[in-house]
Structure formats: C-alpha cells, structure tokens
Amino acid sequence: MILLVNIKVYNKIIRKAIENLIALRDRYLNEGIVIREYIKLKNLIVHSKSGMPLSEEYRLFFLNHTCIGVYDYWEEGDYDCAKPELKQFEEIANTVQSNFFTMDIARKEDGSLIIIELGDGQVSGLPQRADKIEFYSEIKKVMADVC
C-alpha cells in the first residue's frame, strides 16, 4: 500500500502541534523538543488504567560503566522471556560520559533491541519490584573497586 501525503499539509499539522506544546509547556521545557522516528515495538500488555499499549522495555543502571541492574520497565505485564543480552549495550555504555546513568531499551517487533533513551541515574526511578538491597549491594561492590 502506498500512502501519499501532502507534505505542506503535514508540515502545517506538525508545526501547529509543536506551537501548542510550547504554549502549554514552555516554562517546563528543559533543552527543547525532540522528534523521534516512530518504531513499532513488541507489545506486552495494555495498561489497566490508561489503555496505553505497553511494550517490552527494560531499564539498565550503569555505575562507572558497569551494569549494576537490569529491570523490567513496566510494573504491569508478564515479561515471560529471558533478560536481554547486554554486550552491545555495555559497549555503548563505555562511550557515555557519565558515572551513573540509566539506559532504557525496548524490543522491536522484529525481536531486535534498541535504546529508547539515556537518563541521569540520580533521578531515574527504580522499579517497585526491584530488589533494593541487591541494587545497593551492587553499588557498594562497584564503589569498593574504585576506593
């Protein structure tokens, strides 16, 4: 199927949406607006309250470029598959100029994994189901190697 889009109309719609966003959120915008490519992700479940589709996503925590935790991103849904292979993400993490950060990743419909975003580890939420003792033990272990 070929979808023909009038680019002038499309650009007007996008421009208006961005203008509305700025008008509503202007003082809360930090560094600007990012427009990303839409990528179809593997569905996990539909959120019980919002009705939003939730996809298979994970939050990885890195401290001194060492992965200290891999957590299911959503509290809802059954993550009935094995945790993702981390090698490619650890290699990318080694290039990040931060000592403590998160990397959110997701599984695409074709089964491959992509990075959704990086976040500051100090303000990124630890999922409620995460074992907090284990998380802080991993931090202690990595920091012991530094000191």
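**Aromatic pairs and overall form of the predicted chain**

The model is a predicted one, in which local features require pLDDT of at least 70 and side-chain atom pairs count only at pLDDT 80 or more, whereas totals for chains, interfaces and linings use all residues. Residues are numbered from 1 along each chain as its sequence is written, and side-chain values use heavy atoms, with hydrogens and water left out.

The chain contains three helices and six strands, these being DSSP runs numbered from the N terminus (helices, H or I, at least four residues; strands, E, at least two). Read from the N terminus, the elements follow the order α-β-β-β-β-α-β-β-α. The radius of gyration is 19 Å, well over the 15 Å given by the globule rule for 147 residues, so the chain is more spread out than a compact globule; the radius is taken over C-alpha atoms, and the rule is 2.2 Å times the number of residues to the power 0.38. Along the principal axes, the C-alpha trace spans about 60 × 35 × 30 Å. Of the 147 residues, 27% are buried. Among contacts (heavy atoms within 4.5 Å) with a separation of 6 or more, 52% are accounted for by residues 24 or more positions apart.

A search of the whole structure returns eight aromatic pairs, for which rings of Phe, Tyr and Trp (its six-membered ring) must have centres within 6.5 Å, with planes under 30 degrees apart counted as stacked, over 60 as edge-to-face and the rest as tilted. One of these joins Phe 61 and Tyr 71, whose ring centres lie 6.0 Å apart with the planes at 80 degrees, so the pair is edge-to-face. This pair links distant parts of the chain, Phe 61 belonging to strand E3 (residues 57-63) and Tyr 71 to strand E4 (residues 66-72), ten residues apart. Tyr 71 is likewise buried, at a relative accessible area of 11%.

Phe 62 and Phe 101 form a stacked aromatic pair, with 5.2 Å from centre to centre and 15 degrees between the planes. Here too distant parts of the chain are linked, since Phe 62 lies in strand E3 and Phe 101 in strand E5 (residues 100-107), 39 residues apart. Phe 62 counts as buried at 0% relative accessibility, and Phe 101 is buried at 2%. Finally, ring pairs connect Phe 61, Tyr 71, Phe 100, Phe 135 and Tyr 136 into a cluster.

Note on methods: Buried means under 20% relative accessible area, exposed over 50%, partly exposed in between (1.4 Å probe, protein chains only).
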